[in-house]
Amino acid sequence: MIDNNMVRHRIPADGAVLNVFELPAPPNSPVMLFVHGYRANAHWWDEVVTAFAGDYRIIVPEFSGMGQSSWRDSYDQCQGARDLIAVIKALDLMIDVAVAHSWGGHQTAVLCRDYPERIRQLILLDSFFMVGPDQDIPAGAAIGNTRVYVNKDEAILRFRTSPRQPIPERRRAALAAASLCEVEGGWSWAYDPNLPLLDPSDDDEALLKALYMPCDFILAGQGGVVSHERAQATAELSRCRSLIVFDDAHHHLMLECPERLADCVRDLILD
């Protein structure tokens, strides 16, 4: 994933097996957890974690049904949180800072509510919660893409994020190659096409109020997923220390401006 020091864990979780990448660090180093979004995978973080490698023990899990984790017969809206709990218990982790993107932020918030003693700090990246004065829900990704590409190069050329946004071509192509899996007849994207459509929860206000660790929210100003009003409501309910807006950035900030994002995260980490 990043370099030859990477360790790969395979962790059982309620009948599935989760793929988890770890970049080790010297003993007693602080622990960082990076959590990807829906239908994404650990490689979304490739160019961010390099900024922290060596100084932090870095854990990057992949949710069931995504990346190299196994698929399930069915999923519910909090399956991701239970996956994260399985990872933390299996590796006996005390997380100094969790950085979580989009839907992954919602799942990490559930983890933080249920296991607050395991998480010291939470940084949310453009994560949608059903709160605030504007109740418009952004259009989610369509039902999973089941297309099989005979040619891997063609599949790489076709790769786009959801929602679509500008990404440097080198980074887009590398992520596309890392997001494919070989299937019967060719290549397809590494997520379960039967993953359900997202169903925003009416209990999100209570969820955010139940968070008591230090939180921060980073908003993608051009993301189109989280409005400024919703981000502000999220930050207020979770008592965020800060709401930081990347005015010119789109939803997948780690792909568009990884160095800037890493610098921002570093500035937010508690001493």
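In strand β6, Leu 124 is the bridge partner of Ala 100. Strands β5 (residues 97-101) and β6 (residues 122-125) run parallel and are joined by 4 bridges. Two strands count as paired if DSSP finds at least two bridges between them. Helices (H or I, at least four residues) and strands (E, at least two) are DSSP runs, numbered from the N terminus.

This is a predicted model, in which local features need pLDDT of at least 70 and side-chain atom pairs count only at pLDDT 80 or more, while totals for chains, interfaces and linings use all residues. Residues are numbered from 1 along each chain as its sequence is written, and side-chain values use heavy atoms, with hydrogens and water left out.

**The sheet and its helices**

The protein has 9 helices and 10 strands. An open sheet of 8 strands runs in the order β1-β2-β4-β3-β5-β6-β9-β10. Its pairing is mixed. The edge strands, β1 (7-13) and β10 (242-246), each pair on one side only. From one strand to the next, the twist averages 20°.

Contact means heavy atoms within 4.5 Å. Axes are lines fitted to C-alpha atoms, for helices over the stretch in contact, and angles run from 0 to 180 degrees between N-to-C directions.

| Helix | Strands touched | Angle between directions |
|---|---|---|
| α3 (residues 103-114) | β3 (31-35), β5 and β6 | about 140° with β5 |
| α9 (residues 258-268) | β3, β5, β6, β9 (215-220) and β10 | about 170° with β10 |

**A hairpin**

Strands β7 (residues 180-183) and β8 (residues 186-189) run antiparallel, joined by 4 bridges. Cys 181 has Ser 188 as its bridge partner in β8. The two strands form a hairpin with 2 residues between them. In the turn, Gly 185 has a positive phi of about 95°.

**The core**

A nonpolar core is a set of buried Ala, Val, Leu, Ile, Met, Phe, Trp, Tyr and Cys residues joined through side-chain atoms within 4.5 Å. Buried means under 20% relative accessible area, exposed over 50%, and partly exposed in between (1.4 Å probe, protein chains only). The largest nonpolar core holds 93 residues. Phe 34, Trp 45, Phe 52, Ile 218 and Leu 261 touch the most other members. Helix α2 (residues 79-91) gives the most to this core, with 7 residues.

Leu 261 touches Trp 45, Val 48, Leu 125, Ile 218, Phe 246, Leu 253 and Met 254, not counting residues up to four places away in sequence.

**Two residues in detail**

Ile 11 lies in strand β1. Ile 11 is buried, with a relative accessible area of 4%. Beyond four places in sequence, its contacts include Val 20, Ala 86, Val 87 and Ala 90. Ile 11 and Ala 90 are 79 residues apart along the chain, yet their C-alpha atoms are separated by 7.0 Å.

Ala 25 sits in the loop between β2 (16-23) and β3. Ala 25 is partly exposed, at 25% relative accessible area. Leaving out residues up to four places away in sequence, Ala 25 touches Gly 54, Tyr 56 and Arg 57.

**The whole protein**

Of the 271 residues, 54% count as buried. Along its principal axes, the C-alpha trace spans about 50 × 45 × 35 Å.
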